[in-house]
Amino acid sequence: MKKILVIILFLWNAEALMSQSNRYEAVYSHLSAIDLIAGETLYFNNYVYSDQTGKRSDLSRLIYIELLDQNGEPVYQSKMEVVNGRSSGHFYLSTNIETGNYHFVAYTRWMQNFDDYYHQPITIINPYLSQTFDTDTTQSLQVEMKVEGQKFLAGVKNKMVIRVTDTQENGMALTGRIVSKTSDFSVNVKTDTYGFFSCEITPDAAENYQLILENNQSFEFFDLPSVVSSGIQLRLFSTSDLYIVKLIAPEGTKYSQGQLAIYHQSEQVSTMPVAINTSISLEKKRLPSGLLRMVFTDSDQNLQERLIWNGPFQTMDQPLELGAYEVLNEVNASLKIPEPAALSISVEQVEQRGQSKGLEVERLIENKLAIDLPVSYYQQINTDQLDQLLIFSSWMATREYDSLVVWLPEYRSALLHGAVKDKNGLGVADQPVGLTFSGERPQLATASTDMNGSFVLAYDLNYSQDDPRIALLSGADSLVISVDPEFYQSYDAFKNPPIRMDSAKVAAVIKRSIQNQIENAYYEPAQQITTTLPYPQFDHVKSYRLAEFTRFQTIRDTFIELIAEVGISKNENKYKFRLRSKDLSNGMFAEQSTLLLLDGTLASPEDIINMSPYLVDRIDVVNRRYYFGKIIFDGVISIHTLSSDRAGVTVLGSQIPLTKIQPSEPRPILSNPSQGDARIPNYRDLLFWDPSVDHEGGDLQLSFLTSEVKGLFEIRVEGISPEGKPITRRAYFEVKRIH
């Protein structure tokens, strides 16, 4: 049965949504590169998955993509369709983009309820614009100290973790000493490559302690946390089979007991009473595997938090070394994928190994911790290092589910949120609102405001999104329609480390820009794939094609003489179309509003009356009641012009800044001169890009050709199995002149 193009949004209550396994969505974006120059193209593939199960999410049909400058202002914005939890696209970096730190962010509308988004910093150099760079190479130290159990308690053994970084938050390997100011207490300090050091200290309440670090043949002094004589400290000890949890307080402390809760993936999996200055044993095999969060609270709201990792910590993201290859030569590689998975694959020139974090690390631990560490740290981490990382880290802010969510998930359709208000700024209930799009495949969406004046309009992703306009179907001139922003309006402050250039890097950028100009000169755009969708039709429609009748000089005469179902009345200077409804037993004209459309978009009666009938192809009439959600029309009049251009009539309603939805781009890119003219220069640094691989599991065979670009290249595979297991694989090879 044919249906008018109206999207009905099925809403479910908060309790039903709470039971869904993917009520918290997450996004991971596989980028083709994180350091680019102007004139290059950034390709990306987005995975939308459940933060609980890891499986690809079917909750959202749209993803929002932004490229922000270092001030958080958008440079590019796009909305993209999500198909089976995946979407892919690209941004071309124009030659007027400035050199600087940029930030790629991606999120769904549902994720906006929790202030959540995926973030990946990138660097863009523009060699075509004059610029200055930071030449200051001094490294001032930043020192952070964390005590297990949070309080530096006097008279008990405290485990302390220290991290030393430079101004760009890179770990620094230094030596030093912890001393007290009035005694001979001393602990030798030696931070590792990532800046970490841990030790146990039993402090005296009367003492003050300092960390002395040797840096550039000088000494720098840092105070340790103040020693306290009261409070509770949560300590964790591990055996082969058990976790032993101790809640330690100084002698004489009058605490009784509290509750210890354990969380996994934001879900509470266990709770139990725990007394102060006692210990409790937990069997590891009875706890979920992975990252766990312990939280202790007592009647006085003293709170202690401890992160632990249960089970072995290992990722398969251990890189392969493939050796060296000649320019314009074939590369064959095999990477093991243990199970079926949806994958994306890139082969890109990189400055160094492990520049981008993989989905495995991101999913397993990185996006839960408020700390940023390089990939290499997780590839070689041992049990002790992992534990000191968890003591040092804090849990990312827990996202609270609100039963009164602001943004609904775009499950079947794209959604537009807004409100109708009176001149005093108060919401007005039960106001019908219409959203129209023009073009060859116009569409109409309608909604009615709730008690607060708010509305949600749902429109189809696969029909026209040209010239979006919104209007009050009641025609009330005194009311104002406001539309909510689609994208985040602000972000937390991003870190923007200084960009430093030396002569070698400047020379490399110049060479790369020349190669890129050659590539762009021979660029051939891919053939666009178009689809044809049927024009939306009505049920029970009666069509009048004017070429089959004697044409009258006015539209009004055309309706009076040809279309008996329609009556036209005039009150002062306003016209009104009324339909003789079949739903009325007496066959009289209906009193409800008539939906009036011109080439599928809303139009006013006055504009229709003033049209030339010689520009009209046909008039469709539905003289029975039509339901658009809560909005009722006693009939539809749909006028179609010969050129489908509305005959110059302005669409009813106000134009709104609605971003057009881009289709996903699941097309592979392969650098292979043998497929074309071998005389064309090949200076691609992106040798292979395929965002839509469905692999059956086992060995993943890759074959591609190198270009004339020499240097280090990274093969990176990202993906998700049907069971939600994250997959990251890497391999490295060098391209150079061997002979």
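Below is a chat about cavities, ring contacts and backbone angles in a predicted model.

Student: Hi! How many cavities of 30 Å³ or more does the count come to?

Tutor: Hi! The count comes to 4 cavities in this predicted model.

Student: What volume does the second largest cavity have?

Tutor: Its volume is about 90 Å³. There are 13 residues lining the second largest cavity, and Ser32, Ala33, Val350, Ser356 and Glu714 are the closest to its centre.

Student: Which strand gives the largest share of that lining?

Tutor: That would be β25, with 3 residues. Both β25 (341-349) and β46 (711-720) supply at least two lining residues each.

Student: Switching to rings. How many aromatic pairs does the structure hold?

Tutor: It holds 29 aromatic pairs. One of them joins tyrosine 117 and tyrosine 488 edge-to-face, 5.7 Å centre to centre with 70 degrees between the planes.

Student: Where do those two tyrosines lie?

Tutor: Tyrosine 117 is in the loop between β7 (100-107) and β8 (118-125), while tyrosine 488 is in the loop between β31 (480-483) and α5 (503-521), so their pairing ties together parts that are 371 residues apart in sequence.

Student: Is tyrosine 488 buried or exposed?

Tutor: Tyrosine 488 is buried, at a relative accessible area of 12%.

Student: Which residues do ring pairs link into a cluster?

Tutor: The cluster is made of Tyr64, Tyr107, Tyr117, Phe487, Tyr488, Tyr491 and Phe494.

Student: What about charges sitting over rings? Where does the charged end of lysine 284 sit?

Tutor: It sits over the ring of tyrosine 243, 4.8 Å from the ring centre. Arginine 353 also lies over a ring face, that of tyrosine 732, at 5.1 Å from the ring centre.

Student: Last topic, backbone angles. What is phi for aspartate 599?

Tutor: Phi is near 50 degrees there, a positive value in a residue other than glycine. Most residues other than glycine have a negative phi. Aspartate 599 belongs to the loop between β35 (595-598) and β36 (601-602), and aspartate 599 is buried, with a relative accessible area of 7%.

Student: And alanine 647, what's its phi?

Tutor: Alanine 647 has a positive phi of about 55 degrees, although it is not a glycine. You'll find alanine 647 in the loop between β40 (636-641) and β41 (654-655). Alanine 647 is partly exposed, at 26% relative accessible area.

Methods. Residues numbered from 1 in each chain as written. Predicted model: local features only at pLDDT ≥ 70, side-chain atom pairs only at ≥ 80, totals over all residues. Heavy atoms only, no water. 1 Å grid on protein atoms, 1.4 Å probe; cavity = no way out; pocket = protein on both sides within 12 Å on 5 of 7 lines; lining within 4 Å. Points joined across faces, edges and corners; volume = space filled by probe spheres on them. Helix = DSSP H or I, 4+ residues; strand = E, 2+ residues; numbered from the N terminus. Buried < 20%, exposed > 50% of the residue type's maximum accessible area, 1.4 Å probe, protein only. Phe/Tyr/Trp six-rings, centres within 6.5 Å; stacked < 30°, edge-to-face > 60°. Lys NZ or Arg CZ within 6 Å of the ring centre and 35° of its normal.
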